[in-house]
Amino acid sequence: MAKFPTLPFILSVCLFSQTLWAADNTTYITGADLTLSRAIQMAQAQDPWQQSNISRESAVSAKSIAADTLPDPKISLALANMPVDSFDFNQEAMTQFKVGVTQMLPRGDINKLQQEQLAIDASQYPLMRKDRQAKVAVEVTQLWLDLLLANKTIELLVKNKELVAQLVNVVESNYGNASGNTQQQDVLGAQLQLIQIEDRIISAQSNQEVIWEKLNRWLRLPVQTRGDEASNVIAELVSEQLPEFELSASYHDQSIQHLAPMLLKHPGLQTYDKKHQILKKGIEVAEQGYKPQWSFNASYALRDDSDNNMQRPDFLSVGVTLDLPLFTDNKQDQEVIAAKAQSEAIKTDKELMFRKMYGQLQQELRQLARLEQRKALYNTRLLNQATQQSAATLTSYTNASGPITDVLLANITELNAQISSLTVDVQRLKTIARINYYFVGTGYDF
């Protein structure tokens, strides 16, 4: 972030912080308001996948209600035994106008079982939404931390640029006054380092803008990040310090016996349990194919009186139809076999997913342990050593007992150590966020 921004920019940022609104044009956002937790809430609330999932759940729930319903009865109208020589309705005794109704009954308990199957299907959608919310939280957290890293890297680079610029002035002054052992190559070396830092600032600002665009795909804030002041605008929006996350569970025991019960509560794995229940119910549905299907029908036939006014009685017919599943080898048996095979397959899929998640968790835990070691190394020794070396070389140069190249080298070493330490802190937090994702089902909430 520039230390001395122009007055028009200061005014524009002040005005901007008062008028920036969210995508719904109702929620006003300022740099102080846009915290990580707020960003996660905004991303989750504006995720179109959630609404799609809710609509799908509603569709399946509606189907489950419709499934346990008798099929519509069929009505038939017929004109039977009409003489074609005269087309006289009362000429023949067997001429009749028939009205019939047929009602099919479901095969066994298939309707009830299908209704239960669809109800189980609908119950997996909330688990899918919970898993999606956790994934969105992790994604936004990763981008947020990357953006904070980019912001603070720019701050360090700008601060270092100011120090190097002062050093360049000193070297140029010493060279112009022929003071000490300052040579032209010393001036060129200092100027080169200043140019390299300026290049790093531009590169860091470019990376900052790319990360912001990725983050803003989730937040959908109407922020223009083009132009010379884009970096400052982004830094004003995401200006908080690095957050601190805690692990959602104890990892002293990293054995599968300890971690498995917690992992199995993850909504991503629980959806496999729902799918297995659906397919087990599908076996029962397939077994209903062995049962006969009944059909009831009734008809009323109206006859006209004869020509001599002799009354003819109307006819009432009632019947029952059923099919007999006698030849089941190529149909019912195979459908049951297929349903059982699918049920076993989903159990294998869950086992594979569990192994994948467990392996990824172990990898993240190992990485976290190494990052903790590096964090301790930077905090206890490396940063302090780099600072002392930079100060010592500068003192030596000031006393005309050391070359400027040592000062420049020590300065860039200290800068790189500060950026590396910051990167380790960010990577550690990102790793903790990814680890906590695996334990969403244990009560941890982003």
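I take buried to mean under 20% relative accessible area, exposed over 50%, and partly exposed in between, with a 1.4 Å probe and protein chains only. By that cut-off Phe354 is buried, and Tyr358 is buried too.

**Ground rules.** I am working on a predicted model, where local features need pLDDT of at least 70, side-chain atom pairs count only at pLDDT 80 or more, and totals for chains, interfaces and linings use all residues. I number residues from 1 along each chain as its sequence is written, and side-chain values use heavy atoms, with hydrogens and water left out.

**Aromatic pairs.** I pair rings of Phe, Tyr and Trp (its six-membered ring) if their centres lie within 6.5 Å; planes under 30 degrees apart count as stacked, over 60 as edge-to-face and the rest as tilted. The count by this rule is three aromatic pairs. One of them is Trp294 with Phe296, stacked at 6.5 Å centre to centre with 15 degrees between the planes. Trp294 has 38% relative accessibility, so I log Trp294 as partly exposed. Phe296 also has 38% relative accessibility and therefore counts as partly exposed. I also looked up Phe354 and Tyr358, a stacked pair at 6.3 Å centre to centre and 15 degrees between the planes. These two sit four residues apart in helix H10, so about one helical turn separates Phe354 from Tyr358.

**Helix contacts.** Helices (H or I, at least four residues) and strands (E, at least two) are DSSP runs, numbered from the N terminus. I use axes fitted to C-alpha atoms, for helices over the stretch in contact, with angles from 0 to 180 degrees between N-to-C directions. Angles under 35 degrees count as roughly parallel, over 145 as roughly antiparallel, 65 to 115 as roughly perpendicular and the rest as oblique.

The axes of H9 (residues 267-287) and H10 (residues 332-398) come within 8 Å and cross at roughly 170 degrees. H9 and H10 are therefore roughly antiparallel.

For H5 (residues 125-176) and H11 (residues 404-437), I find axes within 10 Å, crossing at roughly 170 degrees. That makes H5 roughly antiparallel to H11.

**Sheet.** I pair two strands if DSSP finds at least two bridges between them. Which order do the four strands of the open sheet take? They run S1-S2-S3-S4, with antiparallel pairing. Strand S1 (74-80) and strand S4 (315-322) are the edges, each pairing on one side only. Neighbouring strands are turned by 20 degrees against each other on average, direction ignored. Seven bridges join S1 to S2 (residues 96-104). Ala80 has Gln96 as its bridge partner in S2.
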